[in-house]
Amino acid sequence: MALPVRTRPQAQAEEWMRLALDEARAALTTGDVPIGAVVVGPDGTVVGRGRNRREADGDPTAHAEILALRDAARALGSWRLDGCTLVVTLEPCAMCAGGIVLARVPRVVLGAWDDKAGAAGSVLDVLRERRLNHWVEVTGGVLADECSRLLLDFFAGHRRGAPGNAPDRDAGPPAAAPGGPRAFGG
């Protein structure tokens, strides 16, 4: 059986997604939902990193995407993240999508789709809303199985009452996603 041919942009997106997955796994150490993100600068280097820290920081806005955007803005010395790409393991929620638009990020690469709270096309499409002043190119489903598996395993442990898995609204059962194999509340 022949392996599928991967284009260079696809291989690059997968490489970046693996970095986001590393961030997601690090969120497990604080009992946070394992979602990770990286911001890649115009030259292809990572300029920002983030992982969910809501439980760790007691901050409802401490989503992976928001923290990665803040980290990138500090590193670049500007809130405008022109030419950057945000790579995230789960489709952004409305809050994160709003931050992405406001930061003028031109591209988002996502892993798993989220048919409960996704705002990049599943439930809402904030990133491509024509009435807003900025639109974002979205590529979904990159390493979707691996991104989904991490979340499925986390929530399976949560449902079993495993220690370290803090209760939150994300604990609902996964459902089929429009662009990926599974979706999650994010």
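Sorted by class, the residues lining the largest pocket come out as 5 nonpolar, 4 polar and 3 charged (Ala, Val, Leu, Ile, Met, Phe, Trp, Tyr, Cys and Pro count as nonpolar, Asp, Glu, Lys and Arg as charged, and the others, Gly among them, as polar). This is a predicted model, where local features need pLDDT of at least 70, side-chain atom pairs count only at pLDDT 80 or more, and totals for chains, interfaces and linings use all residues. Numbering starts from 1 along each chain as its sequence is written, and side-chain values use heavy atoms, with hydrogens and water left out.

Back to the pocket: its volume is about 180 Å³. A pocket here is an open set of points on a 1 Å grid over the protein atoms alone, where a 1.4 Å probe fits, with protein on both sides within 12 Å along at least five of seven lines; lining residues have an atom within 4 Å of a point. Grid points are joined across faces, edges and corners, and the volume is the space filled by probe spheres set on the points. The lining includes W16, R107 and E137. Helix α1 (8–27), strand β4 (107–112) and strand β5 each supply at least two lining residues, and α1 gives the most, with 6. Helices (H or I, at least four residues) and strands (E, at least two) are DSSP runs, numbered from the N terminus.

Now for the sheet. It is open and mixed, with 5 strands in the order β2-β1-β3-β4-β5; two strands pair if DSSP finds at least two bridges between them. At the edges sit β2 (46–51) and β5 (137–139), each pairing on one side only. β1 and β2 are antiparallel, over 5 bridges, and V39 has G48 in β2 as its bridge partner. These two strands make a hairpin with 5 residues between them, and G44 in the turn has a positive phi of about 90 degrees. β1 (residues 36–40) also runs antiparallel to β3 (residues 85–90), joined by 4 bridges, with A37 opposite V88.

As for confidence, pLDDT (the predictor's confidence in each residue, from 0 to 100) averages 88 over the protein chain, and 82% of its residues reach 70 or more. Over residues 167–186, however, the pLDDT is below 50.

Note on methods
Contact means heavy atoms within 4.5 Å.
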